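These are my notebook entries on one structure. I set down what I looked up, topic by topic, with the criteria used.

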Amino acid sequence: MKKLIVVLMILMLVCAGAMADGEKVTAVGRGQGINGDVVVQVEADAEKIYSVEVIEQNETPGIGSVAAEKVPEAIEQANSLLVDGVSGATVTSVAITTAVREALTEAGLDPAAFETVVEKAEAGEKTEAELTCDIVIVGAGGAGLTAAVRANQAGAKVLVLEKMSMVGGNSLKASGGMNCAGTKFQEAQGITDSGVEEFIEDTMNGGHQMNDLALVRTMAENSAEAVDWLASIGAPLPKVAATGGTTHKYLHSPEDGSPVGTYLVAKLSEQAEKLGIEIMLNTKATEILMENGAAVGVKAEDDAHLYTVKAKAVILATGGFGSNFEMMTGFNPSLANAVTTNHPGATGDGILMAEAVGAATVDMDQIQLHPTVYQATSMLVSEKMRSLGAILVNQEGKRFTNDLATRDAVSAAELEQTGGYAYIIFDQNLVDHNKSAAEYIAKGMAATGETYEKLAENMGLTGDAVAAFVETMNTWNKAVAEGKDEEFGRNNGMDDDLSTAPFYAIQIAPGIHHTMGGIKINPDTEVISTQGSAIPGLFAAGETTGGVHGGNRIGGNAVCDFVVFGRIAGEKAAEYAAAH
Ligand code: ADP
């Protein structure tokens with residue numbers, strides 16, 4: 001079987017290279033299932049997925065094996081990757097969609113072309129149903145999955161509701177890593193100057209001192225334990241680098257260079273499935289149920305049911321509102337025409353539900369633009385690219401900023417350049433060490449050239465800009481060799497120069513990325529009311545909360561936020577549930 005797959009893959013690479021527009025191609029892709037890789041073979045052209053066949057899987061009979069049958073059928077019928085997963089077999093369901101995405105990319109097709117939201121058939125009258133658990137968790141992104149696993153470990157019976165047909169939310173898109181301080185991985189690499197106090201200082205400086213210091217301290221002080229905990233559930237993050245807006249090396253990522261989001265969501269949902277945690281997909285929470293001033297469950301619905309979920313505690317882990325333009329422009333009208341990197345489910349539901357029961361919010365107008373977004377498809381080009389050595393240049397072929405300054409500063413600098421955009425430049429050495437970079441190239445996002453001149457021409461630079469670009473690259477390589485950026489004072493992401501051909505450039509501009517504001521919580525993740533007291537039984541974690549990131553989030557802090565506060569929410573809600 002393995003041989004067959006290798007032959008098929010080689011065949012597909014050849015086909016992909018030779019593919020003309022509209023031509024039907026076949027390719028193979030893999031996704032990580034419960035018991036190893038799930039391998040699919042996909043036949044598609046630029047507009048249609050003709051067939052999806054699982055050609056290798058070792059999933060749990062009766063659970064994962066059902067997903068292996070149903071999910072491919074659903075993808076074929078809907079001609080979309082946004083299909084319903086199989087409840088109880090989320091890992092396999094995600095593995096199949098991931099494998100189909102990989103196969104499409106492998107075939108030179110764009111998976112984003114197959115992300116049409118599937119219209120549901122008009123539902124008849126919905127049946128009312130009652131469900132009972134200790135803790136109901138709304139949202140199965142990074143924070144919800146972490147809280148679910150932790151609360152289960154603490155002995156609580158947990159039910160997770162997820163409105164989309166797949167788990168992962170925006171967390172799935174996190175490509176860089178997780179900032180942590182004082183970890184054994186840092187110690188193993190001799191990084192001794194990047195401790196909790198430096199992490200707090202960088203986070204507060206990055207957030208323009210608007211952050212809630214108590215929350216930042218909690219995040220930093222618990223980050224090393226959080227990374228150990230991830231290792232304990234089979235999700236180690238041993239590689240350490242610097243990231244944008246930090247002065248030290250905190251960014252922890254997977255050994256094999258995988259994007260951190262897909263890696264952690266797969267590992268966390270695998271753990272949730274192992275522990276028997278129920279995740280109800282396509283089930284949207286609509287309201288928090290209150291009794292005597294305490295949260296006692298939620299109302300929710302799917303296509304066929306109206307649920308009353310009775311629980312001793314509620315955890316909101318619904319993510320941000322970076323896809324809700326009405327809500328965003330209410331706080332910042334200038335964002336009306338911006339592109340967004342957010343998944344379609346980031347509509348601020350948790351914030352609105354919490355406000356309806358008296359919760360306070362903070363920093364709602366603080367909405368982050370990420371400086372490196374490929375505008376045609378709103379695809380984020382990871383900050384890690386710059387941490388690994390990439391630089392930014394403008395149309396005149398020149399650098400214009402410290403490429404690894406905070407996201408707001410780099411975005412503002414870009415908007416001042418001709419056309420309001422820039423290019424991110426990298427080389428083959430970087431591609432060899434970062435899977436995301438290879439993916440961007442496979443998606444046709446990058447111009448390339450065997451020399452700096454050729455790259456400049458292929459980027460569309462003309463006249464003096466070509467020579468200026470060559471000079472920029474030579475000056476940069478010299479700065480790396482000397483460890484000193486005279487021009488812009490960049491002081492990290494300078495371990496490798498950009499001298500290995502071929503060279504690459506992606507045209508990028510700022511796009512909406514993270515909503516820093518949200519529900520007010522205390523360090524125990526209890527939701528705080530507009531009166532200033534904790535609302536009993538109501539907890540929140542992750543992007544739905546505000547205060548951790550202040551006026552600007554540092555790259556790598558979203559993952560730290562969801563793991564640290566997801567764990568605390570799981571623990572505190574379990575304690576609360578046990579006492580009630
Ligand atoms: P975080 O990083 O804070 O976990 P994510 O965006 O990764 O945030 O995850 C939030 C998840 O919550 C998403 O999967 C999203 O679809 C889900 N979600 C949002 N609103 C609701 C809702 N009303 N009911 C159920 N799930 C929801």
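Predicted model: local features only at pLDDT ≥ 70, side-chain atom pairs only at ≥ 80, totals over all residues.

**Entry 1: salt bridges**

Residues are numbered from 1 along each chain as its sequence is written, and side-chain values use heavy atoms, with hydrogens and water left out.

I looked up Arg 150 and found its side chain in a salt bridge with that of Glu 571, at 2.7 Å from N to O. This pair links distant parts of the chain, 421 residues apart: Arg 150 belongs to helix α4 (residues 142-153) and Glu 571 to helix α17 (residues 557-579). Helices (H or I, at least four residues) and strands (E, at least two) are DSSP runs, numbered from the N terminus. Glu 571 is partly exposed, its relative accessible area being 24%; I use buried for under 20% relative accessible area, exposed for over 50%, and partly exposed for values in between (1.4 Å probe, protein chains only).

I then turned to Asp 228, which forms a salt bridge with Lys 184, with 3.7 Å between the closest N and O atoms. This pair also links distant parts of the chain, from Asp 228 in helix α7 (residues 213-232) to Lys 184 in helix α5 (residues 184-188), 44 residues apart. Asp 228 is partly exposed at 34% relative accessible area, and Lys 184 is partly exposed at 45%.

Which residue forms a salt bridge with Glu 221? I found Arg 217, the closest N and O atoms being 2.9 Å apart. Glu 221 and Arg 217 are separated by about one helical turn, because they lie 4 residues apart in helix α7. An α-helix has 3.6 residues a turn, so residues three or four places apart point the same way. Glu 221 is partly exposed, at 47%, and Arg 217 is partly exposed, at 31%.

I also recorded a network of salt bridges that links Arg 399, Asp 403, Asp 485, Glu 487 and Arg 490.

**Entry 2**

I examined an open sheet of 3 strands, with the order β15-β22-β25 and mixed pairing; two strands pair if DSSP finds at least two bridges between them. β15 (361-362) and β25 (545-546) stand at the edges with a single partner strand each, so one side of each has no neighbour in the sheet. Strand β22 (residues 518-520) runs parallel to β25 and is joined to it by 2 bridges. I looked up Lys 520 and found that its bridge partner in β25 is Gly 546.

Helix α10 (residues 349-356) lies across β15 and β22 and runs at about 40° to β22. Axes are lines fitted to C-alpha atoms, for helices over the stretch in contact, and angles run from 0 to 180 degrees between N-to-C directions; contact means heavy atoms within 4.5 Å. The buried residues of α10 are Asp 349, Gly 350, Ile 351, Met 353 and Ala 354. Among the elements that cover them I noted β11 (284-291), α9 (325-331), β15 and β22. Gly 358 follows α10 and has a positive phi, near 95°.

**Entry 3: pocket and cavity**

I looked up the second largest pocket, whose volume is about 440 Å³. On a 1 Å grid over the protein atoms alone, a cavity is a set of points where a 1.4 Å probe fits but cannot get out, and a pocket is an open set with protein on both sides within 12 Å along at least five of seven lines; lining residues have an atom within 4 Å of a point. Grid points are joined across faces, edges and corners, and a volume is the space filled by probe spheres set on the points.

The second largest pocket is lined by 26 residues, with Val 240, Ala 241, Ser 387, Leu 388 and Asp 495 nearest its centre. β8 gives the largest share of this lining, 4 residues.

I counted 2 cavities of 30 Å³ or more. The second largest cavity holds about 70 Å³ of space and is lined by 13 residues, including Ser 165 and Met 166. Helix α3 (residues 90-106) gives the most to its lining, with 4 residues.

Conventions. Salt bridge = Lys/Arg side-chain N within 4 Å of Asp/Glu carboxyl O.
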